[in-house]
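This report describes the pockets of a protein model and the setting of a few loop residues. Please keep the structure in view while reading.

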Amino acid sequence: MGNMKTGNILLLTFTVIAACAWAFPLYWAIVTSIKPEADVVAGTTFLPETIDLSSYVWALLETNIVRWYINSIGTSVLITVVVIMISMMCGYALSQIVFPGRRALFLIVLASFMVPSQALVVSQFILMHKFGMVDSWAGIILPQVIIPVVVIVYKQFFDSVPRELREAAKLDGCSEFQILFKLYLPLNWGITAALSIITFIMAWNNFLWPFLVITSEEMMTITVGITQVGDAFGVKYARDMAIAVMAAMPVAIAYLIFQRRVTQAIMLSSGIKG
């Protein structure tokens with residue numbers, strides 16, 4: 001019992017230290033953002049001697065951060081909706097509908113895990129350019145709507161649903177869309193909510209593709225926009241930190257509110273059975 005108690009204390013101590021180490025950069029960013037620029041440059045202090053919110057006021061008034069917020073929210077919501085709809089229908093078809101080539105299609109979806117998204121950005125950019133979608137919401141959204149792991153998660157869920165439910169619905173004259181949205185969807189609201197939250201967070205945090213496809217400041221998302229903020233008189237650390245904090249705040253708040261759902265989605269996507 002004594003050894004077990006000592007082990008629990010050590011584990012708790014290690015967890016607290018690890019949590020503090022993880023949270024310290026966020027704390028440092030917030031503290032830096034509320035300091036006067038002179039105090040930031042003068043030296044290192046862990047607590048602000050004077051609270052100055054002028055950096056946040058400057059970010060709101062002198063940059064397009066509100067527009068970047070709108071772009072990020074709009075594109076992230078649309079990406080999430082399209083990803084969930086496409087993945088749900090694809091997972092349902094692979095699980096419940098028998099058609100020629102179903103096994104081959106499923107293997108293709110699995111094989112897509114071996115192709116990193118970064119390897120596709122050149123061909124995707126050429127395709128968006130030929131379609132005239134560069135510097136547009138469509139150009140941002142379309143290459144991000146295919147996420148194979150979401151398809152696999154839905155397929156695994158649909159595989160676990162008794163086939164008698166679908167057969168009974170077919171006997172009642174329901175179409176495949178009615179079976180999916182009226183019968184199966186109410187059964188997987190928890191999975192759908194978890195996948196929606198983590199898909200939204202991934203879309204919000206995505207930097208590489210929006211950075212490549214966006215050419216005008218008005219179309220930038222928040223992750224791209226904060227890299228364009230500069231000053232003719234050199235680096236302004238407090239302003240940069242204030243913009244970074246404002247960019248990360250929505251995702252941090254969403255994570256704190258939906259922490260259980262986010263954890264569930266990560267477990268679903270990382271614990272797929274073959």
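The largest pocket has a lining of 30 residues, and those nearest its centre are S117, P143, Q144, I146 and I147. The model is a predicted one: local features need pLDDT of at least 70, side-chain atom pairs count only at pLDDT 80 or more, and totals for chains, interfaces and linings use all residues. Residues are numbered from 1 along each chain as its sequence is written, and side-chain values use heavy atoms, with hydrogens and water left out.

A pocket is an open set of points on a 1 Å grid over the protein atoms alone, where a 1.4 Å probe fits and protein lies on both sides within 12 Å along at least five of seven lines; lining residues have an atom within 4 Å of a point. Grid points are joined across faces, edges and corners, and a volume is the space filled by probe spheres set on the points.

At least two lining residues of the largest pocket come from each of α4 (65-96), α6 (121-130), α8 (148-160), α11 (189-205) and α12 (208-213). Helices are DSSP runs (H or I, at least four residues), numbered from the N terminus.

In the second largest pocket, 16 residues form the lining, with W22, L26, A248, V251 and A252 closest to the centre. Two or more residues are supplied by each of α1 (2-33), α11 and α14 (237-257); the largest share, nine residues, belongs to α14.

The table sets out volume and lining; Ala, Val, Leu, Ile, Met, Phe, Trp, Tyr, Cys and Pro count as nonpolar, Asp, Glu, Lys and Arg as charged, and the others, Gly among them, as polar.

| Pocket | Volume | Lining residues by class |
|---|---|---|
| Largest pocket | About 900 Å³ | 22 nonpolar, eight polar, no charged |
| Second largest pocket | About 480 Å³ | 14 nonpolar, two polar, no charged |

The loop between α12 and α13 (222-225) holds T221, and M219 is found in the loop between α12 and α13 as well. T221 is buried (under 20% relative accessible area, with a 1.4 Å probe and protein chains only), at 4% relative accessibility. Leaving out residues up to four places away in sequence, T221 is in contact (heavy atoms within 4.5 Å) with W68, N71, S72, T75, I140, P210 and I214.

M219 is also buried, with a relative accessible area of 14%. Beyond four places in sequence, M219 touches R67, N71, D135, S136, W137, I140 and I214. The C-alpha atoms of M219 and I70 are 9.6 Å apart, although 149 residues separate them in sequence.

D172 lies in the loop between α9 (163-171) and α10 (176-184). D172 is exposed (over 50%), with a relative accessible area of 67%.
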